[in-house]
Amino acid sequence: MSQVIHHDEHYDAEGSKIGMWLFIFTELLLFGGLFIIYSVYRFSNQDAFHLAAEELNRTVGTINTIILLVSSMTIAMSTSALQKKQKKTTLALLGVTLLLGLVFLVNKYFEWGTKFEHGIFPGSQYMLDHLSQGEILFFGLYFVMTGLHALHIIVGMVVIGFAYAGVRSGRVNADRAALLENSGLYWHLVDLIWIFLFPLFYLIH
Amino acid sequence: MQHEKTHIVPYRTYLIILVALLIFTLLSVKITAIELGGLTVAAALIFASLKSYLVLTYFMHLKFDKIYIRIMVGFVFAVFLAVIIITFLDYYFR
């Protein structure tokens, strides 16, 4: 037990921040690769991508963008609140962030649900019979990229959940804020990816 | 190290950034609704880049971080940009 306490002495906010950034770089390259695949296929199937993008609901996409932007602000504010030693405000802001993440996922659930009802899902016979190859590529990328992004939202919410528990118990405080700061960085990354996914899938027609 | 002064960003800064992000979002929605051909893609990507710049600089604290972290981030984005450019050079001159 005493060893655990000794380990606490090695708290290094800067080191953990670098670690988090290195991890973020790998994430950027993961999604970056997918973005390159998207742009190359878009380049070689312009009309099909144009047609397929019409299927996506711009309003739902815009609402989800706004939700993620607001949640990014609330988690950024929670770090300031923690540094100002306002524990209650920190917890409230984290709670709002978690709630917004959940709303985003619920929207995504209904959005995907509507696609499924229309026979648009990976491996669907309807797509093979009625859609061109370019359109199938578009929806394949749509499901992979927004699905991977939604997975990141879920992971981000779990990480924020740990930060929330830490702040509540006092393990994460103004002098030891790294866990909160790094979960914030991760959440902003998720936001950053969506900032590019949204125009590429929903806006460009 | 322990007593190094951390920069506390005021709530107001974050609120202003959020408003800017929302304005850019609505502008990009409006501008892509107009039929501009190839310019639509460019406009959407310019707005997305502006937004990601704001998120990286303020929300992700790069503005207040040590310079080497900014250099690292800039380097990774430069590598990514180079890969995109090389890919499309390949496609255009095939």
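What percentage of the 94 residues in chain B is buried? Buried residues make up 33% of chain B. The model is a predicted one.

**Fold and dimensions of chain B**

Chain B holds three helices and zero strands. In sequence order the pattern reads α-α-α. The radius of gyration is 18 Å, whereas a compact globule of 94 residues would come in near 12 Å. Along the principal axes, the C-alpha atoms occupy a box of roughly 55 × 30 × 10 Å. Take the contacts between residues at least 6 apart in sequence: 55% of them join residues at least 24 apart.

**Annotated spans**

UniProt, in an unreviewed entry, assigns the feature "transmembrane region" to residues 12-33, 39-59 and 71-93 of chain B. In the model, residues 12-33 are 100% helix and 0% strand. Their end C-alpha atoms are 32 Å apart. Residues 71-93 are 96% helix and 0% strand. Here too the end C-alpha atoms lie 32 Å apart.

**Surface and charge**

The accessible surface of chain B is about 6100 Å². Carbon and sulfur atoms account for 74% of that surface. The chain carries 8 positive and 4 negative side chains. The centres of these two sets are 11 Å apart.

**Residues in two loops and a helix**

Lys85(A) is not a glycine, yet its phi is positive, about 65°. Lys85(A) sits in the loop between helix 4 (58-83) and helix 5 of chain A. His61(B) is not a glycine either, and its phi is also positive at about 65°. His61(B) belongs to the loop that links helix 2 (38-59) and helix 3 (67-92) of chain B.

Is His61(B) buried or exposed? His61(B) counts as buried because its relative accessible area is 16%, and the cut-off for buried is under 20%. Lys85(A) counts as exposed because its relative accessible area is 62%, and exposed means over 50%.

Ala92(A) is part of helix 5 (residues 87-117) of chain A. Ala92(A) is partly exposed, since its relative accessible area is 45%. From Ala92(A) to Lys115(A) is 23 residues in sequence. In space their C-alpha atoms are 35 Å apart.

The table sets out the accessibility of these residues.

| Residue | Relative accessible area | Class |
|---|---|---|
| Lys85(A) | 62% | Lys85(A): exposed |
| Ala92(A) | 45% | Ala92(A): partly exposed |
| His61(B) | 16% | His61(B): buried |

Notes: Residues numbered from 1 in each chain as written. Chains lettered and ligands numbered in written order. Predicted model: local features only at pLDDT ≥ 70, side-chain atom pairs only at ≥ 80, totals over all residues. Heavy atoms only, no water. UniProt positions renumbered as here; feature names shortened; annotations may be inferred. Helix = DSSP H or I, 4+ residues; strand = E, 2+ residues; numbered from the N terminus. Rg over C-alpha atoms; globule rule 2.2 N^0.38 Å. Buried < 20%, exposed > 50% of the residue type's maximum accessible area, 1.4 Å probe, protein only. Contact = heavy atoms within 4.5 Å. Areas by Shrake-Rupley, 256 points an atom, 1.4 Å probe, with all protein chains shown as cover. Lys, Arg positive; Asp, Glu negative; His and termini not counted. Charge placed at Lys NZ, Arg CZ, Asp CG, Glu CD.
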